[in-house]
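Subject: Structure handover

Hello,

Here is the structure I promised to pass on. My notes follow below it.

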Amino acid sequence: MKIEQKISLNAPPDRVWAFLTDPYQVAGCLPGAAITEKVDDRTYLGTITVKVGPVTASYKGKIRFERLDSTQWEAELVGQGQDVKGKGGAEMRMQSRLHPIVGGTEVTVASQVNISGILAQMGRGMIESVSNQIFQQFAAAMQQKLEVGSGQEGAQAAPSEAKQLDALSLGAKAVRQTMGRAVRRLLGGGAEKT
């Protein structure tokens, strides 16, 4: 599955770059995520919990910066994780690039994600919906940190209870949207037959 996102931030590219290449800062803005260990300057171990509809999956895994080009503001990150209950796994390759714009920075993120196990059964539409909502929450949290200029403050702190609850509520919203579309299709299809 390919997922592409763009966001505009009210911060200069060098500051956004420093933020996005610090896994502790990124995890602090990502609902349900935490960095648990630094292996070396480019490799980190961590956890993430994601809820899609009625299913909650927790993964333990590794992320590694495959490429960091600070002159072009381009980064490539590879991640792998296994469900802690042994019910599947996930692999991701993410490329990000920063572009200076008037008043700040535009960030382009392209991810290729492979999911196996119980989450894969939830369907592409629901997974994309939850991914988009998580990305929007991440972007809002990152914007807030960059605007406040908190720097390294709280970089290694665990996600707050509010962020965890927000992440859990995303699954319910995605289920409502998917069910709403299914009901509309069903009713629309039924009306045509009568």
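Val-16 first. Leaving aside residues up to four places away in sequence, Val-16 touches Leu-9, Ala-11, Leu-98, Thr-105, Val-107 and Leu-146. Keep in mind that this is a predicted model.

Val-16 belongs to the largest nonpolar core, which has 18 residues. The members that touch the most others are Ile-7, Leu-9, Val-16, Leu-20, Val-107, Met-142 and Leu-146. Four elements supply at least two residues each: strand 1, helix 1, strand 7 and helix 3. Which of them gives the most? Helix 3 does, with six residues. A separate core of nine residues lies apart from this one; Val-55, Ala-57, Leu-119 and Val-130 are among its members. As background, nonpolar side chains in soluble globular proteins tend to be buried together.

Helix 1

Helix 1 covers residues 13-20. Its buried residues are Pro-13, Val-16, Trp-17, Phe-19 and Leu-20. Where do they sit around the axis of helix 1? They fall within an arc of 160° when seen down that axis, so they line one face of the helix.

Overall layout

The protein chain has 194 residues, and 37% of them count as buried. Its secondary structure is made up of four helices and seven strands. Their order along the sequence is β-α-α-β-β-β-β-β-β-α-α. Take the contacts between residues at least 6 apart in sequence: 56% of these join residues at least 24 apart.

Strand pairing

Strand 7 (residues 104-117) has two partners to note here. Strand 1 (residues 2-9) runs antiparallel to strand 7, with eight bridges between them. Within that pairing, Ile-7 has Val-107 as its bridge partner. Ile-7 and Val-107 are also both on the list of core residues that touch the most other members.

Strand 6 (residues 88-101) is antiparallel to strand 7 as well, and 14 bridges join the two. Arg-97 stands opposite Thr-108 of strand 7. Strands 6 and 7 form a hairpin with two residues between them. Gly-103, in the turn, has a positive phi of about 85°.

Ser-96 is in strand 6. Is Ser-96 buried or exposed? Its relative accessible area is 14%, below the 20% cut-off, so Ser-96 counts as buried. Beyond residues up to four places away in sequence, Ser-96 touches Trp-73, Glu-74, Ala-75, Thr-108 and Val-109.

Trp-73 deserves a look of its own. Trp-73 sits in the loop between strand 4 (55-69) and strand 5 (74-83). Its phi is positive, about 55°, although Trp-73 is not a glycine. Most residues other than glycine have a negative phi. Please check that backbone angle when you open the file. Trp-73 has 23% relative accessibility, so it counts as partly exposed.

Aromatic pairs

How many aromatic pairs are there? The count is two.

Tyr-24 and Tyr-44 make an edge-to-face pair.

Phe-135 and Phe-138 are three residues apart in helix 3 (residues 124-148), and so are separated by about one helical turn. Phe-135 and Phe-138 are both buried.

Gly-28

One more item. Gly-28 is in helix 2. Its relative accessible area is 8%, so Gly-28 is buried. Where does Gly-28 lie relative to Phe-138? The two are 110 residues apart along the chain, and their C-alpha atoms are separated by 9.0 Å.

Best wishes

Conventions. Residues are numbered from 1 along each chain as its sequence is written. This is a predicted model: local features need pLDDT of at least 70, side-chain atom pairs count only at pLDDT 80 or more; totals for chains, interfaces and linings use all residues. Side-chain values use heavy atoms; hydrogens and water are left out. Buried means under 20% relative accessible area, exposed over 50%, partly exposed in between (1.4 Å probe, protein chains only). Contact means heavy atoms within 4.5 Å. Rings of Phe, Tyr and Trp (its six-membered ring) pair if their centres lie within 6.5 Å; planes under 30 degrees apart count as stacked, over 60 as edge-to-face and the rest as tilted. Two strands pair if DSSP finds at least two bridges between them. The arc is that of the directions from the helix axis to the C-beta atoms. A nonpolar core is a set of buried Ala, Val, Leu, Ile, Met, Phe, Trp, Tyr and Cys residues joined through side-chain atoms within 4.5 Å.
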